[in-house]
Amino acid sequence: MTRLRVTFLGPLGSFSHQAAAESFCKGSADLQPQVSFPDAFAALQKKEADYAVIPCENSTNGSVVQTLDLLADRDGLYKDVKVCGEYYLTVHHCLMVRKGTYPGGWAGYDGSITKLYTHPQAWGQCETFLTKYFKGVERQDVTSTSKAAEIVSKETTERGAAIASRFAAEQHGTDVLVENIEDRADNTTRFLIFRNVLDERTAQLNLEQPSPPTSEDEATLEATHKTLITFTVDHSSPGALANALLIFKAHGLNLTSISTRPSLKKPWQYIFIVECGRTPSDENKGAVDKALNDLRQVSETCRDLGTWKNQLSASNA
Ligand SMILES: O=C(O)C(=O)C[C@]1(C(=O)O)C=C[C@@H](O)C=C1
């Protein structure tokens, strides 16, 4: 088989780049940066990429709303795209500036930065540091943390700084003023790995199948599988949501998270994005398919977004 094509949010040096490189054993895949998450999904739907590595939630700042919208897929643009794996990346942020801007480093910093750039997810991960040192300074959202690094590396008129990784600083040649500015040392982003279920190139490597041990601490991994399902219910019918959720319990599926996004059909009506887990056993064989069948009876729309192996160690699960 030709080399795998793995797509992710670029430019090079983003946390998504790091997650893609680490989850697809360095060097064995062609990495394809995109300018947005929808572009990565579109590449997968068109089979121009084999896998997409997309952040879905952060331990400090919560859900990546843009990704939830892709999962909600209101217009059916990505109907063959499903989750087949996950990857957890510890995220350390740095404050960085154009090379040579502050020769004295952070110790000699004179308070002259007038604008900060980063991906919207990163602000909420560094709030304590930003409130302490950059209260009132303009914040500009950009498409990724590495894009922020690229912007400040080329800046000539403004005194801008970016929040991005040390890896991004190396890729874009910026000076790091402060490292580890995240609020919490355990700041971690969970990435979902997607594939196109009709793509034969990846059918052999389908991570949906329980895979052989890949990491050293495999012994400590929970042998659970996770499943993602989206559905909508009749909002005017009392108990419709409760009935839908009871189906998970009835089939031994442990509900671990419920997110909502607006349906965009009628205000204050939602698409439910539900994640559940189970330890595969003879008793719960086929539980996901059975639950999906039952769910289809009580929901307006219902979609299976894939099953994959839990990568969290038992102590964090
Ligand atoms: O901007 C990047 O570097 C990304 O890969 C995106 C992203 C995200 O959306 O969560 C990834 C990890 C960090 O949580 C911050 C930003």
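# Exercises on helix and sheet packing

Helices α2 (residues 37-45) and α3 (residues 65-72) of this predicted model pack with their axes 10 Å apart, at an angle of about 30°. The exercises below start from this pair.

**Exercise 1.** Determine the handedness of the crossing of α2 and α3, and state which residues in α2 meet which in α3.

*Solution.* 
- Step 1. The crossing of α2 and α3 is right-handed.
- Step 2. On the α2 side the contact is made by F37, P38 and F41; on the α3 side, by Q66, T67 and L70.
- Step 3. Sorted by class, the contact of α2 with α3 holds 4 nonpolar and 2 polar residues, and no charged ones.

**Exercise 2.** Give the strand order of the open sheet of 5 strands, and explain why one side of β8 and of β10 is left without a neighbour in the sheet.

*Solution.* 
- Step 1. The order reads β8-β7-β9-β6-β10, and the pairing is mixed.

**Exercise 3.** Work out the order and pairing of the open sheet formed by 4 strands, and identify the strands at its edges.

*Solution.* 
- Step 1. The order is β13-β14-β12-β15, with antiparallel pairing.
- Step 2. The edges are taken by β13 (254-262) and β15 (301-309); each has a single partner strand, so one side of each lacks a neighbour in the sheet.
- Step 3. From one strand to the next, the twist averages 15°.

**Exercise 4.** Find how many bridges pair β12 with β14, and name the strands that helix α10 touches.

*Solution.* 
- Step 1. β12 (residues 225-232) and β14 (residues 270-278) pair over 7 bridges in the antiparallel sense.
- Step 2. One of the residue pairs is F231 with its bridge partner F272 in β14.
- Step 3. Helix α10 (residues 287-298) packs on the sheet and touches β12, β14 and β15. The direction of α10 makes about 165° with that of β15.

Notes
Residues are numbered from 1 along each chain as its sequence is written. This is a predicted model: local features need pLDDT of at least 70, side-chain atom pairs count only at pLDDT 80 or more; totals for chains, interfaces and linings use all residues. Axes are lines fitted to C-alpha atoms, for helices over the stretch in contact, and angles run from 0 to 180 degrees between N-to-C directions. Helices (H or I, at least four residues) and strands (E, at least two) are DSSP runs, numbered from the N terminus. A crossing is left-handed if the near helix is turned anticlockwise from the far one by less than a right angle, and right-handed if clockwise. Two residues are in contact if their C-beta atoms, placed from the backbone, lie within 7 Å. Ala, Val, Leu, Ile, Met, Phe, Trp, Tyr, Cys and Pro count as nonpolar, Asp, Glu, Lys and Arg as charged, and the others, Gly among them, as polar. Two strands pair if DSSP finds at least two bridges between them.
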